[in-house]
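Below are some notes for a colleague opening this entry for the first time.

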Amino acid sequence: MIKFLFDRDTWQEVYDSLTKNKLRSILTMVGVWWGILLLIGLLGSAKGLENSFNRLFGNFATNSVFVWGQSTSKPFKGFQEGKRVQLSLSDAKKIEENIDGIEFVVPRNQNQSFVVRNFLSGNYGISGDYPLLDLVQKKNLVNGRFINQTDIDEKRKVAVISDDIYKQLFQKDEDAIGEFIIINGINFAVVGVFDKGNINMGPSDDIHIPFTTFQQIYNQGDRIGWVMITGKPGADIKQIEQDAKLLLKNLNRIHPDDNRAFGSFNLGKEFGKLTGFLTGMQFLTWFVGIATLIAGVFAIGNILLITVKERTKEIGVRRALGATPYEIKRQIVVEAVFITLFAGVFGIITGGWILIALDSAFGQGDEAVLVNASVSIAVVFIALIILVILGTLIGLIPAFKATSIKPIEALREE
Amino acid sequence: MLKISNLHKSYPIGDSSLHVLKGIDLSVESGEMVAIMGSSGSGKSTLLNIIGMLDEADSGDYVLDEVPIKDLTEKKAAIYRNKFLGFIFQSFNLINYKDALENVALPLYYQGLKRKERQEKGKFHLEKVGLLEWAHHLPSELSGGQKQRVAIARALASNPKLLLADEPTGALDTQTSHEIMEFIQQLNDEGKTILMVTHEEDIASMCKRIVRLKDGIIIEDAFVNQVRASEYV
């Protein structure tokens, strides 16, 4: 069989019988070509979309939940409903100590303040943050550094500003590092500039200052605006959210069934929906692609069946000249596999071109819809193996059909 | 060379069956040139098909070159056909997308010969039928007589012991028929055993022996004085 596959005559026969009716051979291939083109195109696009989501959320610890205080909706332990709920640093510490599966707990504060530099000014959101924030919500620093522990310890008057603020308060190409801006009437030295990016979770961050400095200048005490909780990889973020809220209700004397006392945004849950959607889309892609492939392969089988019918007499002649049924079958199966494989490889190549075209149309720049739309080599090989298997199976039908007729009947055929 | 005794064959037609061969006894020696004659329905083609292992007898013995031919699988039949027999058909049955040389070399392909060897042998036989310069022409570019000569070259290619011809001149005009017959006579002169089915008296008279069939039995089996086809050409 191996010798047969490397025999020039085998391929001469395949070539002859395919070029005998070129139009039909090409039409036969269209089905499989189209199927694999769809498969590659769709899989690549789905991958591109996934990559684009991953890039968007890449800077965030997606397995996280934000919790903030609102007001109670149920009276409890002598407190009337409508009590303001205020989270504190000790709440955050308790969460970190008592709840399983937590990686980080990041307390945050925010305020709107008037910011001035020379003759330029504006009203911006000022966040009081720990260096930890950089771990769960990666700051893309263009220049300088983020807040560090010394800033916290010494309550330094330093600020990390977004590129938007930089554009508004500074001249073009001016070095912002070491310059002073006035926040709430106090001088702050700029130590870093970060790229805000496209996606923002929670209130918009314009200027980060050390948490302790924030406490001091706004007279916050232990109060915090909201807390960001990230789960360890694989931890159930929904469970963490429930546990944290229950703990907070206990600590703050709130009715356990009071659902309005704390507001929250579960990024993990939302992200899960997104990834679920992506997985669904990939499944759909495979389903559509494979189904189209099967349809294409069936079309090949169908046409080969017609071809065999037309070649009944030729097959009869060959058998009269001494071709064994095995030799006839082998030839037809090889033809079937060759057509499917040829069409498949061509489909993979054109599918690649389509991905290149998609990439240049939608894959360029920072806000691209598709990032690196591509299929892995493994997928290509799986597709090819499926094609070979299907081609063989479908080739067997006309092969058996061809040898089921007695040579004498085949010869009589006109 | 060939020995047939008490050969029977019937075809089912609906509920009944048509008894085509009703006990044929025939033996052919090496080097003979036999014409099998008969009106249509006499069973002459069936007899030739059974001899050619394209069809199987219901009962009776058939020995070809001291090999009993019975209980053939398709594979075995294919190998025997390739080894013992060369076929010449009325409608030539060349493969239309292969050129003359490839057609001639086809039986050699199924013998498992190497490409180079096939080309050489194919050319040799094409030259023998005088069509070497037509080697790379497709059948559609050849005349009827040329096609039949390519078919004869193909039948000869595997160097068979027995040539079977089914109305070899049936599709040709008289002039070409005589040319083909002259060529077949030459082959016989060189020692090939030839068995042909025909219903034309003048073609049959160019053989050395005429077997007449009627309603499935041999009614006459006689050696005749061969008429040389060259007399007509």
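1. In this predicted model, the centres of domain 1 and domain 2 of chain A, taken over C-alpha atoms, are separated by 56 Å. Domain 1 is made up of 2–57 + 273–412, and domain 2 covers 64–268.

2. Two helices of chain A cross: H3 (residues 22–57) and H12 (residues 325–362) have axes that come within 7 Å, at an angle of roughly 35 degrees. The crossing of H3(A) and H12(A) is right-handed. Sorted by class, the residues of this contact are 14 nonpolar and eleven polar, with no charged ones.

3. The largest nonpolar core has 108 residues, and A:Ile36, B:Ile36, B:Leu164 and B:Leu195 touch the most other members. H3(A) supplies eleven residues, the largest share of this core. Another core, of 49 residues, lies apart from it and includes A:Val67, A:Ile161, A:Leu169 and A:Ala261.

4. Leaving aside neighbours within four places in sequence, what is B:Leu164 in contact with? The list is B:Leu48, B:Ile51, B:Gly52, B:Leu85, B:Gly86, B:Phe87 and B:Leu195.

5. Helix H11 of chain A (residues 312–320) is mostly covered, with seven of its nine residues buried. Among the buried residues of H11(A) are A:Glu314, A:Arg318 and A:Arg319, as well as A:Ile315 and A:Val317. Their packing partners in chain A are H12, helix H13 (377–404) and helix H14 (407–412). From chain B, helix H2 (74–84) and strand S6 (85–88) also pack against the buried residues of H11(A).

6. Just after H11(A), A:Gly322 has a positive phi of about 115 degrees.

Conventions
Residues numbered from 1 in each chain as written. Chains lettered and ligands numbered in written order. Predicted model: local features only at pLDDT ≥ 70, side-chain atom pairs only at ≥ 80, totals over all residues. Axes fitted to C-alpha atoms, helices over the stretch in contact; angles between N-to-C directions. Helix = DSSP H or I, 4+ residues; strand = E, 2+ residues; numbered from the N terminus. Left-handed = near helix turned anticlockwise from the far one by under 90°. Nonpolar A, V, L, I, M, F, W, Y, C, P; charged D, E, K, R; others polar. Buried ≥ 20, exposed ≤ 12 C-beta atoms within 10 Å, placed from the backbone. Contact = placed C-beta atoms within 7 Å. Domains from an automatic or database assignment. Core = buried A, V, L, I, M, F, W, Y, C linked by C-beta atoms within 7 Å.
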